[in-house]
Amino acid sequence: MNTSPAANLAQRLLEESGLTSSHEPIDVTLVSFFLEEHYRLNGRLGRLATEKDDTFRLSTDSSTYLVKVSPPDEAEAVVALQTAAMRYLETTASHLPVQRVKLTAGGDDHVTIRLNDGRTRVLRVFDFVEGQVLADVNPDAARLAEAGEMLGLIDVALRPFTHPADRRGLAWDIRHFHQLTELVEHTPNPEHRQLARSIFRLFGENIVPRLGDLETQVIHGDFSPYNIVVDPKSDHFVTGVIDFGDTVRSAVIFDPAVPMANLLGRTPDHPWRDACAFAAGYQRERPIQASELSLLPIAALARLTLRALITNWRAERAPERREYLLGHAKDDWTNIERSLTVSPDDVVAQLREARHGHS
């Protein structure tokens, strides 16, 4: 990256988000030792592919757990924010199927591992949420609205929540999108670069002037189809909500924008249909201010563009994770292009219609 102020800002955001450094995978034997010592747990540990943590499935004689070890460059306060949000929801909204944090034998919610170089990593254990993720099923509009309702309920529950680290810098937070134009340089395809620039222009003209007055609170931040566990045969479609790794204080509309981004283009002839179905459900529980609704489509496009840009940038830097990274974002540019065939005004009309049609 070059050394302009914009590039330095982008670099700092990417660093604070734990996206710039690679680290040696933690030794499974060491993880087993800490689990035995602090949690009185032992069993079979299987490594799982994830974005940046070292993550394992622990199978004991009686239960299954998810074990996460944070990367060494993720601040302990940020990990504490993620855990605190989950524990807050468990206490104040225990009916919501949010993944539970398992405490150590001594009653702590994490274990700090000190590395030889002086850096620290944080080990946490969670209940393992069994089931399919939304990404692996083909939900209809009613089911997508139920998923939207769940995020709405989570955001209503999180409204009073605060934490000293909740204003963390996070590249995935859509409010920083306009500060990451630098990433366009790392996108090899010229047509993709042109698409990205058109979204940056939309965002700059419509959302940047409003950033200071948007309604804000702590949000989940990554309610993607990979973090929503579902049971298509159940009356309660959403059976688990996992991964609070992108929890942050930001504009409320940026929370539903994330799953909407993931749903764009899923039905090529009606690229916004599924996203609007999700938003309709969300608004049943957590209505979006009328003055902000028009920004939601642009926020969703910005998030999808952001994922495509960061994915290209990371795949270039971390060839060992290239396949995992590109797998999650393989259709992004196609879906951005499809979504741009519908004007933002038409999408807003769809959103209003969907909201009133399901109210």
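Reader: How much space lies in the second largest cavity?

Author: About 30 Å³ of space lies there. A cavity is a set of points, on a 1 Å grid over the protein atoms alone, where a 1.4 Å probe fits but cannot get out. Grid points are joined across faces, edges and corners, and a volume is the space filled by probe spheres set on the points. This is a predicted model, in which local features need pLDDT of at least 70, side-chain atom pairs count only at pLDDT 80 or more, and totals for chains, interfaces and linings use all residues. Residues are numbered from 1 along each chain as its sequence is written, and side-chain values use heavy atoms, with hydrogens and water left out.

Reader: Which residues line the second largest cavity?

Author: Lining residues have an atom within 4 Å of a point. Here they are Trp 272, Pro 297, Ile 298, Leu 301, Ser 339, Leu 340, Val 342, Ser 343, Pro 344 and Val 347. Helix H9 (296–317) and helix H12 (344–357) are the elements that give two or more residues to this lining. H9 supplies the largest share, three residues. Helices (H or I, at least four residues) and strands (E, at least two) are DSSP runs, numbered from the N terminus.

Reader: How many residues of that lining are nonpolar, polar and charged?

Author: Learn the classes before the counts. Ala, Val, Leu, Ile, Met, Phe, Trp, Tyr, Cys and Pro count as nonpolar; Asp, Glu, Lys and Arg as charged; the others, Gly among them, as polar. This lining has eight nonpolar, two polar and no charged residues.

Reader: Arg 303 is charged. With which residue does its side chain meet in a salt bridge?

Author: Start with the general idea. Side chains of opposite charge can pair when their charged atoms come close. A salt bridge is a side-chain nitrogen of Lys or Arg within 4 Å of a carboxyl oxygen of Asp or Glu. Arg 303 meets Asp 222 at 3.4 Å, N to O. Arg 303 lies in helix H9, and Asp 222 in the loop between strand E8 (216–219) and E9, so the pair ties together parts that are 81 residues apart in sequence.

Reader: Is Arg 303 buried or exposed?

Author: Check the cut-offs. Buried means under 20% relative accessible area, exposed over 50%, and partly exposed in between (1.4 Å probe, protein chains only). Arg 303 is buried, because its relative accessible area is 6%. Asp 222 is buried too, at 15%.

Reader: How many salt bridges does the structure hold?

Author: It holds 16. Take two that involve helix H4 (residues 141–158). Arg 143 and Glu 146 meet at 3.1 Å, N to O. Both lie in H4, three residues apart, about one turn of the helix. Arg 143 is buried at 18%, while Glu 146 is partly exposed at 25%.

Reader: What about the other one?

Author: Glu 149 forms a salt bridge with Arg 284, and their closest N and O atoms are 2.2 Å apart. Glu 149 lies in helix H4 and Arg 284 in helix H7 (residues 273–285), so the pair ties together parts that are 135 residues apart in sequence. Glu 149 is buried at 19%. Arg 284 is partly exposed at 35%.

Reader: Which residues are linked in a network of salt bridges?

Author: Arg 47, Asp 54 and Arg 121 are. Asp 54 is also 9.7 Å from Asp 27, C-alpha to C-alpha, though the two are 27 residues apart in sequence.

Reader: Now sheets. In what order do the three strands of the open sheet stand?

Author: Strands of a sheet pair through backbone hydrogen bonds, either parallel or antiparallel. Two strands pair if DSSP finds at least two bridges between them. The order here is E7-E9-E10, with antiparallel pairing. Strand E7 (132–133) and strand E10 (238–241) stand at the edges, each with a single partner strand, so one side of each has no neighbour in the sheet.

Reader: How many bridges join E9 to E10?

Author: Three bridges join them, and strand E9 covers residues 228–230.

Key. 1 Å grid on protein atoms, 1.4 Å probe; cavity = no way out; pocket = protein on both sides within 12 Å on 5 of 7 lines; lining within 4 Å.
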